[in-house]
Amino acid sequence: MAIGNNIRVNGSIVYLRLNTGRWYQYDASIAPLGEGAMGIVYAGCACDDAGDAVAVKMVNPNLSGIEGIRTRARQEAALAFRHVNLVEMIGYCEEPDDATSPMYIVSRFVAGSTLDDYVVNFNTVPDRAKRIARCMLPVLDALDYIHGKGIVHLDVKPGNIMVENERNVRLMDLGIAYRPGSIDSSSQNGLIGSPGYDAPEQHIRRGMPVEIDSTTDIYQVGATLYQLLAGKRPYNGQPPVVQPIHGVPRPLMRVIEKSLCLDRRGRYQSAREMRVALEDAINNPEPAVDWEEHRRQFNTLLERYPQWRLVAGVAVGALVVIILLILLLI
């Protein structure tokens, strides 16, 4: 049965002719690989002799009739990036004369598991924090690449990072990727991205300037790393502060804190800059005593309890007197 020139159905098998002219298929009766707000992803293959394995994302039928969503789907499929740490896009399928027809995006199939499932393997190892942090280095490489192309991912999270065959890490799902000027705040209002990993500037307010840039992805990398290490969101309390994570070395914690700065000007200003800092924190051993951290905590204590300055002065004075008495008695 043909829905149109590009989409045909035979039983549970759906055949798709992409904008490239090549035919692909998937079996709708087989459980999908995954499902999100934007659509359902099925395992598929090419219809020719090569039979290349692919992932077929069917755009949510409740959204596919919205022209803005269809435009974004075409933009995602058109991102012909070639990078070892990105999932390669192949093309899209739609009926060009029917704005309500189903819409599909096809990408290379990645065999593996999402990062949140993969890092469970590290739960019992002594260097768990560093192993998890090391998984984010390829993600930063991928972001450095797409940022160089003028693209901001906007949806970095554990479920959008695949570990391929226990080795290679790939960032996927550019469905809401942002180009400067592609968001019209005069008609759009609300969150663009995933709750829990969103930077403040991803909450678009109608009529206000859009301030999204590459540092937005930096924030999401920090939020992803925090979630993987702590199992919860990073901020708590009023005013909001990044809560320390038990068992995470201070150098690594400082990298996370900087990336999660609510003011984007205080974050790392590029993926490459964060990668250098993260790799340094992973490779350099924790100092026996973190004097800088002790000094910071002491100054915070004095600011919160100014009376301790007097107590500390009296204690130091008493100690000096005791030492002088001992020297006189010797």
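Okay, a definition to start: two strands pair if DSSP finds at least two bridges between them. Strands themselves (E, at least two residues) and helices (H or I, at least four) are DSSP runs, numbered from the N terminus.

Some housekeeping. This is a predicted model, so local features need pLDDT of at least 70, side-chain atom pairs count only at pLDDT 80 or more, and totals for chains, interfaces and linings use all residues. Residues are numbered from 1 along each chain as its sequence is written, and side-chain values use heavy atoms, with hydrogens and water left out.

Of its 330 residues, 41% count as buried, and buried means under 20% relative accessible area, with exposed being over 50% and partly exposed in between (1.4 Å probe, protein chains only). For contacts, I'm using heavy atoms within 4.5 Å. Among contacts between residues at least 6 apart in sequence, 55% join residues at least 24 apart.

Now β8. Strand β6, residues 53-59, runs antiparallel to β8, and five bridges join them. In that pairing, Met-58 has Tyr-104 as its bridge partner. Strand β7, residues 89-93, also pairs with β8 in the antiparallel sense, over four bridges, and there Gly-91 stands opposite Val-106.

How many aromatic pairs does the structure hold? Three. The rule is that rings of Phe, Tyr and Trp (its six-membered ring) pair if their centres lie within 6.5 Å; planes under 30 degrees apart are stacked, over 60 edge-to-face, and the rest tilted. Tyr-26 and Tyr-104 have ring centres 5.9 Å apart and planes at 50°, so that pair is tilted. It links distant parts of the chain: Tyr-26 is in β3 (residues 23-27), Tyr-104 is in β8 (residues 104-108), and they're 78 residues apart. Tyr-26 is buried, at 4% relative accessible area, and Tyr-104 is buried with a value of 4%. Then there's Tyr-118 with Phe-122, an edge-to-face pair at 5.5 Å centre to centre and 85° between the planes. Both of those residues are buried. Ring pairs also link Tyr-26, Tyr-42 and Tyr-104 into a cluster.

One more ring: the charged end of Lys-258 sits over Tyr-268, 5.2 Å from the ring centre. The criterion is NZ of Lys or CZ of Arg within 6 Å of the centre and within 35 degrees of the ring normal.

On to helix α4, residues 136-148. Why should its 13 residues span 18 Å? Because the expected span is 1.5 Å times one less than the number of residues; the end C-alpha atoms are 18 Å apart, which agrees. Its buried residues include Leu-137, Leu-140, Leu-143 and Ile-146. Covering the buried residues of α4 are, among others, α2 (115-118), α3 (128-134), β10 (161-164), β11 (168-171), α5 (214-230) and α7 (271-283). Just after α4, Gly-150 takes a positive phi of about 80°.

Last topic, the cores. A nonpolar core is a set of buried Ala, Val, Leu, Ile, Met, Phe, Trp, Tyr and Cys residues joined through side-chain atoms within 4.5 Å. The largest has 49 residues, and those with the most contacts inside it are Leu-115, Leu-143, Leu-225, Leu-229, Leu-252 and Leu-278. Several elements supply at least two residues each, including α4, α6 (250-259) and α7. The largest share, eight residues, comes from α5. Apart from this core lies another, of 17 residues, among them Tyr-42, Ile-90, Cys-93 and Tyr-104.
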